[in-house]
Structures are given as structure tokens and as C-alpha cells.
Amino acid sequence: MSEFAEIILEGKSYQMPVVEGSENEKAIDIASLRAQSGYITLDSGYKNTGATTSAITFLDGEQGILRYRGYPIEQLAEKSNFIEVAYLLIYGSLPTEQELQDFSDRIRRHTLVNEDMRKILDGFPSTSHPMGILSALISSLTAFYPESLNPNQSQEEVDLSIIRLLAKISTIAAWSYKNSIGHPVNYPKNKLDYCSNFLHMMFAYPTEDYEINPVVVDALNKLLILHADHEQNCSTSTVRLVGSANASLYSSVSAGISALWGPLHGGANQAVIEMLEAIKADGGDSKKYIEKAKDKDDPFRLMGFGHRVYKNFDPRAKIIKKAADEVLTALGINDPILTIAKELEEAALNDPYFVERKLYPNVDFYSGIIYRAIGIPTDMFTVMFALGRLPGWIAQWKEMRENKEPIGRPRQVYTGATERDYVSIEKR
Ligand code: MLT
């Protein structure tokens, strides 16, 4: 028997259907509430609103569970690689050997970007943040591939846009970095795998040979996998919302990049490193900063702790913490800010203030330490997040399109002035 929720308004009862997900999550479908009763629901910041149904990523914030297409994040981070995970997210199942080969080969063949893109890049001042460049250049792909603007493209054409985007984003990201430091860009080397090619474009000099370190490649694969999707977060919801207006894949993803840029979203990993650096410069006393974080009159905020949906350990943080230890050991790096990070975590996990508020380290807390160790500059951290999140954005955009979801259009409760007459300027 179907389940209903009863809503009583002004003494009248309305029955709203209950929708159940494959992991027994339940939601009240209120789509017809306004038409029936005149009422809307209000949920600022969408704390309790399901904007869609989705078969891509399952997240249980109470238990600390994260799965892509049913596969636990722990298994994917240990056994898979970024391109395989991208295929899984976008197409719904793990590829066969042949499918993976074809998918990787197609991405490799599309890594080159139009030379005019370099001219656009050259127009950015050296003060540009690489996230601004990334968002602008991804949007400018619509100029090079205008056919992508057609909302009625065939699946084959959409697949080509997907391949182009996955291939070109790493070239654009690395070029935005090279441009910011005034160095010549490196062209992609298509014999390399995805992560190695990115490292080559980021770090090679035309004047020297560049050796790709497999430890760094492994670390990068892991970080990108861990960031690849996170259900309806701010940037992903942006991609779906923009895409719901029939905007192209490139414009929708460009909007997602802008959302991710915000310090409350993807910019948090940069903020964590800056905080750890500041603590180090102040003598490295983590206990002092724990006390500052608890003092409501102190503006200091402990970055990288707590999460809107995790009320338990962020499963990605557990994996990244272990990886940070392994990578730094393998590279022979002794980074004092890793020690400060561990001390902060230890102190917070044993302090009733943090325990009661369920403030656990999140994905941003340790990722910056690995990025630093592998030579990624701080203002590229959020770009790295975008590289990782791309398959998730693509998968969510594709799902939204295939489900023929209507244009996203929230309502509001108006709180402004009621009707009044225009007053001419001399009478104001
Ligand atoms: C993410 O991975 O997108 C962040 O943890 C933010 C979120 O899920 O809200």
C-alpha cells in the first residue's frame, strides 16, 4: 500500500505521497501542495529539500557512508583509477576492459585545445585567479563547439562533448597555472595517462626533462576519485539548475566551477592550509587554537571541520589522512603542518565541545597537505577540486537531461513592501 503524509492546514487535510529511495530514504512529495492548498514549503539553504531523485551517488551522513553507483568510496580509492571512476559515474556501470580502453583513448585524443584558446588565456592579467580563468575558458568552449548549444543533440553528440570536456579541462587547468606564473605552456603528451599528462603539463619545463613520479600519480588518482561526486552539493545543484534551462554542458559546468570557487565550498581546502600556516607561524600551539575556536567572541574559525551532511567522520577524510601520511613518507617530506593538523584533529575529537556538535574533519582538512606535497600551489587547490568533480557534474547534468527534468524554479515567501504609489522625486 502506498504511504502518504497528511498535512493539515487551516483545518483541512491534504495527502502528499511518500517517495522511497533504494536505500530506504523517505521523502514527502509536496509538488501539488500549492495547487491544492495555496501553501508552499520554505527551506532556506535547502537543508531538508530533495531537489531531485538520483541514481548516481549514495551518501549517509549519519553513518559516514559514500558510494558511487553502489560501490564504496574506500574500494574505489584503493582499487580503481580516476578515468574508470569517471566512466562509472557517467555511464552507470564499471567499464569492461575494452570500454575503458576506448574511453581513455578518446579522452587522450581530445586533450589539445584550439590555439585561439591561448589568445584568450593571454588576455587575462597575471593577477587572475586560476578558478576564474577555468570557468571562463570552459564556458568559451561553446564558441569552439557551437553545436553543443543545441539542446536536442543526439546521445552520440553529447558523448563527444563529454569526452572533449574531460580531455580539455586538464590542459586548460594546467595552462591557467603556467600563465599565472608567466611560464610557457606545455602541450599535452597523449601517450601519457590522464594524471601523468596533467602533471607533465603543470610541472615540465621546455628546457628540462620531467620525470613523472608514480607515487604522485597514485596520490593524484586517489584525490580525484575522492572528489568525483558528492550528490546534490552547491556546485552540482548549480550545474543541474543551469542545465535545466537547456544550457549546454560547457555553460552548466562553467557555472558549477564558479559555485565551487566559493570559500564555503571548494575554496575551503585553500583556507585550511592558510589556517595551518598561520598556526605554524604563531608557534604551532594547536591547543591554543582549539580554545580560540570554542570562544564565541573570537573571530577564529577552525577550517576543515564539520560538514552540512556528515554528522560522523567524512569517509573521504579518513582515506585522505592515511594517504597524506603515505605520500609524505614516500616522498621523504617532513611537513610540520601535517603534525599541526593531526594535533588539531586529535584535540578536537577528544573535546566535548566538538564531539557534542559532531564536528569531524572533512575532505578539505587533509587534501591540501597532499596537494602541497606533490607541488600544487595553494591557489590551484580549488582547480584540483574542479578537475576531480567534473565527472560528477557531467553525470548529474546527463541524468537531469535524460530524466527530462523541468526547469528549476524555486518559489519564495515575499517579505517586501506591500503595494504603494510612486512618489515623484521632488516629494521624497
Ligand atoms: C563536496 O564534496 O561537494 C563538499 O563536501 C560539500 C558538500 O557536499 O556539500
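A: Before the details, a word on terms: helices here are DSSP runs of H or I with at least four residues, numbered from the N terminus. Please also keep in mind that this is a predicted model.

Q: Okay, which helix is Asp364 found in?
A: Asp364 belongs to helix α17, which covers residues 363-373.

Q: And is Asp364 buried or exposed?
A: Asp364 has a relative accessible area of 7%, and because buried means under 20%, that residue counts as buried.

Q: What is Asp364 in contact with, leaving aside its neighbours within four places in sequence?
A: With those neighbours set aside, Asp364 is in contact with His265, Ala268, Asn269, Val272 and Phe385.

Q: Which residues does the UniProt annotation "active site" cover?
A: According to the unreviewed UniProt entry, the "active site" annotation covers His307 and Asp364.

Q: Where is the place of His307?
A: His307 sits in the loop that runs between α13 (286-294) and α14 (315-330), and with a relative accessibility of 24% it counts as partly exposed.

Q: What does the side chain of His307 reach?
A: The His307 side chain reaches the backbone nitrogen of Tyr310 at 3.5 Å. Not counting residues up to four places away in sequence, His307 also touches His230, Asp314, Arg316 and Asn362.

Q: Switching topic, where is Ser196 found?
A: Ser196 lies in helix α8, residues 194-203, and counts as buried at 6% relative accessibility. Beyond residues up to four places away in sequence, Ser196 touches Ile212 and Val217.

Definitions and conventions: Residues numbered from 1 in each chain as written. Predicted model: local features only at pLDDT ≥ 70, side-chain atom pairs only at ≥ 80, totals over all residues. Heavy atoms only, no water. Helix = DSSP H or I, 4+ residues; strand = E, 2+ residues; numbered from the N terminus. Buried < 20%, exposed > 50% of the residue type's maximum accessible area, 1.4 Å probe, protein only. Contact = heavy atoms within 4.5 Å. UniProt positions renumbered as here; feature names shortened; annotations may be inferred. Polar contact = N/O pair within 3.5 Å; in protein donor to acceptor, adjacent residues only side chain to side chain.
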